[in-house]
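I opened my notebook to look up a few spots in this model. Here is what I wrote down along the way.

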Amino acid sequence: MKSISFFLCLVTFSAFAQGTKADYDRANYIKESTRYKVYDEPGNVTWIDKTHTFWYQVQTPKGPVYYLVNAETRQKQKAFDSEKLAGLLDRETGQKSNLNSLSNPKMEEGRFSFTAYGKNWEYDLKSGELRSPGDVTPPRPWGYWGSQRDESEGNPVTSPDKKWKAYIKNSNVYVSRADDPKSERQLSFDGSPGEFYSAWIYWSPDSKHFVSNRVRPGQKRSLTLIESSPADQLQPKLHTRDYLKPGDALSQRYPVVFDAEKGTASAVDASLIPNQYSLSAPVWHKNGGSFVIEYNRRGHQVYNVLKVDAATGEALEVIKESSKTFIHYSGKRFRHYAEGTEEMIWMSERDGWNHLYLYDARTGNVKNQITRGTWVVRRVVHVDEPNRRIIFEGSGRETGQDPYFIQLYSVNFDGTGLTRLTGENGNHQAVFSHDYAYFVDTWSRIDQAAETVLRATRDGSTLMKLEKADIRDLLKTGWVMPEVFVSTGRDDSTDIWGMIIRPSNFDPKKKYPVIEYIYAGPHDSFVPKSFATDSRGDLHQLAELGFIVVQIDGMGTSNRSKAFHDVCWQNLKDSGFPDRIKWIKAAATRYPYMDISRVGIFGNSAGGQSSAGALLHHPEFYKVAVSSSGCHDNRMDKIWWNEQWMGYPIGRQYEESSNVTHAHKLQGKLLLILGEMDDNVDPSSTFQLINAIIKANKYVDFLFVPGMGHSLGGDYGEHRRRDFFVKHLIGVDPPEWEGHIHTSGR
């Protein structure tokens, strides 16, 4: 009652004001008070080894509770007494334990393991004994995502039968018997430092052949960062990262098949794989007679799958994929080889929607289209070769539902027998048993809490109701459910989906500035579809300051039709703005309290590019923007993401989409936020925008955060962002800083 009374006081105090200290306090309160207030929603659903028993945990008013469920008998029981475990942990650690703080929980037959207080713990479910086998081993640090490995040198690679060793010396390929180093033979003679054979060697399963690529290395480029305030020394540190950018010369790889016994070499026809963006590692078929490689031509408009004969090196183009715009290789690529029948299942958008196709791998002919219609396959879950059946996730097929909602389906290889395994109007998440006989299905919407059931995979029938989330205590905190809103886009026919978030003290008689959180990266869609109390960008907390906050998926983003997606091609500055502006205007027509004379926008990374671009290209609508870690010129950013959408070769389209090019058009109020250690987007991208703004004699605010990487701004940046919107959209000075703002820290 005490926390509820505090909330009511905050609501009453600020009922007629916006951007006050009470609003800031309430934003912090909402963030903290909603934690652990969603009860009976399963988390960590996990099947135990190769059994039909699974476990999960739920939050309750007294803390987390763990359940075991036997899918065959439909029996559900508590895995153990949570209060007893907490007591044992109290005794062992000398601290008051909170089971919500357990990390890496894992349930096995008769044992529950987890980490807490820097130690690993094991709880015997039969004896009730708790023991610690030792301290937690610090995880190995993640390698940098862009690091380029040297493949010119490496250790010898032994054949599967242990009889041979293949290796690289002086840029060429050598082989010897594993038990006789003196049997060494040189198999290639054309290698050199400028075109060497790769030490990444791939043996056939029968140990008769192996593949090494002849590599013409591309250029190297480094991103240089200065860490001004390192934690372990006074003086700054210099850091470098491998960081290829659009247009940089890439390594070219030409596979050569070697016969270990005969010593012969057969090169794959280089004319089949020119101007590579990438060439995949060979995947050998089980019989060792052939292997498959995937070839992505630079520009991402040609993507082929080649089957290579091990004895001759001859290649058959089994799959030939092409597009006038781009092939979304980084997000919509699926290939499965059914070796027994020599067939391939392939994912493609060739008919305008993302679907599955069945190929004859012997001829390269399409046997049939497996799925079809004005909806999309989102992910293949499982291919059952013996029964010639596929389980997959799809969206947009069910009439009257949000087209982004994921549903589960199964279908035969020949396209018959399409079965809907789920159907409830919500976003479904499934966890399957090891043999795919059962699955746990949880579905929800942003405006409806989760329900969870156990289903039979054969037909999707419900075998057992497991949980229905309880959000009564959540709603008592003042947290407000988002609203789903739909309006047509720029073409007046395509539905554009988004959400609206209002403050807890919302008064329809008042006027509210509108803030859009934007991420228009074409690699996905981004408006949440499942129930959650928190969001990236802390949107509920931002609304509490006196705003209506919206998030929208405009054209140019993924998971709809190919035409919907293609809007982004060579035109990232579009960012779906014609759809977003039309959507916000439609919402304001329905809800006149949305004051669209005061619209702000913020985003990070690609969203940083878009939010700054809003003031350059649409200043008549957007008045205030906060841009974090922005990719303001796509020529300055990493190669893979930008060439995927902006194309190759580098042309005027890159300049036209650059915020730097259009900096002189800046109107409105702009705050740029940047971390000095951002190794995702080159920080120079932001500095070059600032330089162009200065040259145009325009005004810009800038926050540079020492030590911070790629981020929305962290706690400090979040506070500055809130203040910026309060000052420039509400028109009041934000309250003086005191204490610590509670944000996600992202």
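I looked up the side chain of His-355 and found a polar contact with the side chain of Thr-371, at 2.8 Å. A polar contact is a pair of N or O atoms within 3.5 Å; within protein, one must be able to donate a hydrogen and the other to accept it, and residues adjacent in sequence count only if both atoms are side-chain atoms.

I noted two ground rules: this is a predicted model, where local features need pLDDT of at least 70 and side-chain atom pairs count only at pLDDT 80 or more, while totals for chains, interfaces and linings use all residues. Residues are numbered from 1 along each chain as its sequence is written, and side-chain values use heavy atoms, with hydrogens and water left out.

Is His-355 buried or exposed? I read a relative accessible area of 0%, so His-355 is buried (buried is under 20%, exposed over 50%, partly exposed in between, with a 1.4 Å probe and protein chains only). His-355 sits in strand E27, residues 355-360 (strands, E, are DSSP runs of at least two residues and helices, H or I, of at least four, numbered from the N terminus).

Next I checked the largest nonpolar core, which has 41 residues; Val-550, Met-594, Tyr-622 and Leu-670 touch the most other members. Such a core is a set of buried Ala, Val, Leu, Ile, Met, Phe, Trp, Tyr and Cys residues joined through side-chain atoms within 4.5 Å. Helix H7 gives this core its largest share, six residues.

Last, I found Phe-704 in strand E44, residues 701-705. Phe-704 is partly exposed, with a relative accessible area of 34%.
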